[in-house]
Amino acid sequence: MDTVECNLEEYQNFVANVPQPTGNEFKFKDQLFLKGYWAASQMNCEASEVLELYEKSLRKDIELDPKKVLDECGDVLWGITCILNTLGLTLDEAIAHNTSKLSERHGIAKQD
Ligand SMILES: [Mg+2]
């Protein structure tokens, strides 16, 4: 890939010409899809908040607060649950699927 040199104004014009979502992309999607899409977006933000707690702990050399991590993990779980709900799937199914996948990948027998 060639490097394209440009000044700030040229870059701003370039960005203005990059196709942006207009909302029309969503016209064929139903409400459940949009709810899942929104939840996935929120979940991504919440996962970043978990990472931020770890980064702050590292950078400032302070203790990680498990209550804050728990709070943000709960927010991530909320997003996961919303997504599963839109697809008619359950947390039990997600856990069973993930357990099977990891058991197979790492050769660990599933515990009953
Ligand atoms: Mg949060």
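Among contacts in the chain between residues at least 6 apart in sequence, what percentage join residues at least 24 apart? The share is 51%, two residues being in contact if their C-beta atoms, placed from the backbone, lie within 7 Å. The model is predicted: local features need pLDDT of at least 70, side-chain atom pairs count only at pLDDT 80 or more, and totals for chains, interfaces and linings use all residues. Residues are numbered from 1 along each chain as its sequence is written.

The chain contains four helices and zero strands, in the order α-α-α-α from the N terminus. Helices (H or I, at least four residues) and strands (E, at least two) are DSSP runs, numbered from the N terminus. The C-alpha trace spans about 60 × 50 × 30 Å along its principal axes.

Helix 2 comprises 30 residues (residues 31-60), which at 1.5 Å a residue should span 44 Å; its end C-alpha atoms lie 43 Å apart, in agreement. The expected span is 1.5 Å times one less than the number of residues. Just after helix 2, Asp61 adopts a positive phi of about 55°.

The axes of helix 2 and helix 3 (residues 66-86) come within 8 Å and cross at roughly 165°. Such axes are lines fitted to C-alpha atoms, for helices over the stretch in contact, with angles from 0 to 180 degrees between N-to-C directions. Helix 2 and helix 3 are therefore roughly antiparallel, a term for angles over 145 degrees. Residues of helix 2 including Leu32, Ala39, Met43 and Leu53 meet residues of helix 3, among them Val69, Val76, Ile80 and Ile83.

Notes:
Angles under 35 degrees count as roughly parallel, over 145 as roughly antiparallel, 65 to 115 as roughly perpendicular and the rest as oblique.
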